Amino acid sequence: MRKKILMGSMLVLTLLLLMPSISALQQKTIEEKTFTDLVEKFDDDLKEIKELNNLGDDVKFPNLYEFLARFLALRFFRGLMLCLFGLGFMEFAIYEKFPIFNIRGVWLSISTFFIADYIDGIVEKLGWNWEPLTDWIG
């Protein structure tokens, strides 16, 4: 009987000593699995973002491209509106008094295309791999 109690207490003592290390190993395994899952998800998301980027990876200065494209589109739109006011499609009292706005509208619209072509030539020589800026205008 004494041997059974001694063996039982040794077994219980061994289990009590091993219990914290088992849970620590399980916790570490769970943390590592969670970390690897997050890394894989981040890699997948990064690949999707690169695929969705329509300008591609080799485009240089994409913010400059967006700025110039929007600037030239607004310049063309402003010239078009001045032309419409000057031709009488839209009537406002101030534009009837100053017909020079019609000339300015034509100049803005035409010069926008020349500026876009000039910038496209520079960009092509530098190899920045932009889409033509004239696509934004017309």
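1. Contacts along the chain. Among contacts in the protein chain (heavy atoms within 4.5 Å) between residues at least 6 apart in sequence, 62% join residues at least 24 apart. The model is predicted: local features need pLDDT of at least 70, side-chain atom pairs count only at pLDDT 80 or more, and totals for chains, interfaces and linings use all residues. Residues are numbered from 1 along each chain as its sequence is written, and side-chain values use heavy atoms, with hydrogens and water left out.

2. The protein chain has five helices and zero strands, where helices (H or I, at least four residues) and strands (E, at least two) are DSSP runs numbered from the N terminus. Along the sequence the pattern reads α-α-α-α-α. Of the 138 residues, 18% count as buried. Buried means under 20% relative accessible area, exposed means over 50%, and partly exposed is in between, with a 1.4 Å probe and protein chains only.

3. The nonpolar core. Which residues make up the largest nonpolar core? There are 12 residues in this core: V59, Y65, L68, A69, L72, A116, I119, V123, W128, W130, L133 and I137. The elements that give two or more residues to the core are α2 (62-87) and α4 (100-126). Helix α2 supplies the largest share, four residues. A core of this kind is a set of buried Ala, Val, Leu, Ile, Met, Phe, Trp, Tyr and Cys residues joined through side-chain atoms within 4.5 Å.

4. Leaving out residues up to four places away in sequence, L133 touches Y65, L68, A69, L72, A116, I119 and D120.

5. Aromatic pairs. A search of the whole structure finds five aromatic pairs. Rings of Phe, Tyr and Trp (its six-membered ring) pair if their centres lie within 6.5 Å; planes under 30 degrees apart count as stacked, over 60 as edge-to-face and the rest as tilted. F61 and W128 form an edge-to-face pair, with 4.8 Å centre to centre and 65 degrees between the planes. This pair links distant parts of the chain, 67 residues apart: F61 is in the loop between α1 (2-52) and α2, and W128 is in the loop between α4 and α5 (134-137). F61 is partly exposed at 48% relative accessible area, whereas W128 is buried at 18%. F61, Y65, W128 and W130 form one aromatic cluster.

6. Most residues other than glycine have a negative phi. N129 lies in the loop between α4 and α5 and counts as partly exposed at 41% relative accessibility.

7. A buried arginine. R75 is found in helix α2. R75 is buried yet has no salt bridge, and the nearest side chain of opposite charge, D117, is 13 Å away. For charge, Lys and Arg count as positive and Asp and Glu as negative; His and the chain ends are not counted. What does the side chain of R75 make a polar contact with? The partner is the side chain of T112, at 3.3 Å. A polar contact is a pair of N or O atoms within 3.5 Å; within protein, one must be able to donate a hydrogen and the other to accept it, and residues adjacent in sequence count only if both atoms are side-chain atoms. Leaving aside neighbours within four places in sequence, R75 is in contact with W107, L108, S111, T112 and I115.

8. The salt bridge. The count comes to one salt bridge, defined as a side-chain nitrogen of Lys or Arg within 4 Å of a carboxyl oxygen of Asp or Glu. The side chains of R70 and E66 form this bridge at 3.4 Å, N to O. R70 and E66 are four residues apart in helix α2, so about one helical turn separates them. E66 counts as partly exposed at 26% relative accessibility.

9. A cysteine in α2. C83 lies in helix α2 and counts as buried at 12% relative accessibility. C83 and N102 are 19 residues apart in sequence and 4.8 Å apart in space, C-alpha to C-alpha. Not counting residues up to four places away in sequence, C83 touches N102, G105 and V106.
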